[in-house]
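I opened this notebook page to record what I looked up in the structure. The entries follow the order in which I consulted it.

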Amino acid sequence: MNLDARARMVELLRPVRFKANDVIFSECDVGTEMFWVTDGVVDHVDLSGTVTAKIKVGELFGEVCMFPAMLPVRYFKARARTDVECLELRKEDFENFVKPWFPDLYQTIGDFALERLSYVDLDALKKELGHRSSTRCAILEMQAGQYRVTQKRLKRTKTTIVSNKTGLIASFNPGLLRPPSPAHLEARQSAGFSSLPRSDSGRRAIPDFRDLQGEEFP
């Protein structure tokens with residue numbers, strides 16, 4: 001690789017740092033980047049939680065997920081044994097630039113990924129993926145149940161749920177947003193409340209409904 005090619009390659013790499021014991025990625029995560037270690041040591045932790053290898057300076061990891069047709073998810077956990085510095089290459093840059101610019105390097109990484117894939121326990125990985133999917137589905141079902149219960153309670157109190165574009169949920173009582181009816185104003189007057197109070201200047205002031213907190217207009 002000449003100097004010009006190396007310079008173009010360096011432009012694609014992003015330096016990243018991790019503290020000791022940081023999890024760089026976990027098993028079953030969808031992989032979107034690969035790494036070269038430039039300083040420190042990274043533990044290769046299998047699905048059983050056993051450290052099966054140490055990834056040292058000059059070595060790469062996470063390359064299998066650069067080829068989704070091989071395996072789109074991580075088959076091990078990468079955890080920093082010490083403070084670690086890496087060069088990160090993202091999948092889109094790998095496909096859009098490395099593949100057309102450096103076909104030999106692309107093929108070499110592909111061969112290396114294929115060799116590593118031959119050591120993966122695919123049955124154990126499928127089992128772990130199934131377990132995680134079941135767990136996530138159970139959590140979603142529980143959250144959906146809680147939402148339905150909350151919705152029923154709010155309906156009983158005549159409160160409406162509004163979902164805005166940000167995904168947040170706000171609640172309000174529609175009755176409190178309607179102006180008071182003439183019958184309600186008459187009832188207030190008979191109770192000693194002034195329906196249209198005046199300011200010191202003699203102009204009609206904005207009615208203050210703070211004394212009606214908890215009431216609902218008919």
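**Entry 1: a strand pair.** I began with strands E4 (residues 42-45) and E5 (residues 51-55), which run antiparallel and are joined by 4 bridges. I noted that Val45 stands opposite Val51 in E5.

**Entry 2: confidence.** I recorded that this is a predicted model. The chain averages a pLDDT of 78, and 72% of the residues score at least 70. I marked residues 209-218, where the pLDDT is below 50. In the model this stretch has 21 contacts beyond near neighbours in sequence.

**Entry 3: helix H3.** I turned next to helix H3, which comprises 15 residues (103-117). From its first C-alpha to its last, H3 reaches 21 Å, close to the 21 Å expected at 1.5 Å a residue.

Which residues of H3 are buried? I listed Tyr106, Ile109, Gly110, Ala113 and Leu117. Seen down the axis of H3, its buried residues fall within an arc of 105°, so they line one face of the helix. I checked the face of H3 turned away from this buried side and found the exposed residues Asp104 and Thr108 there.

**Entry 4: the cover over H3.** Finally, I looked up what covers the buried residues of H3 and noted that the cover includes strand E3 (33-39) and helix H2 (91-101).

Definitions and conventions: Residues are numbered from 1 along each chain as its sequence is written. This is a predicted model: local features need pLDDT of at least 70, side-chain atom pairs count only at pLDDT 80 or more; totals for chains, interfaces and linings use all residues. Side-chain values use heavy atoms; hydrogens and water are left out. pLDDT is the predictor's confidence in each residue, from 0 to 100. Contact means heavy atoms within 4.5 Å. Two strands pair if DSSP finds at least two bridges between them. Helices (H or I, at least four residues) and strands (E, at least two) are DSSP runs, numbered from the N terminus. The expected span of a helix is 1.5 Å times one less than its number of residues. Buried means under 20% relative accessible area, exposed over 50%, partly exposed in between (1.4 Å probe, protein chains only). The arc is that of the directions from the helix axis to the C-beta atoms.
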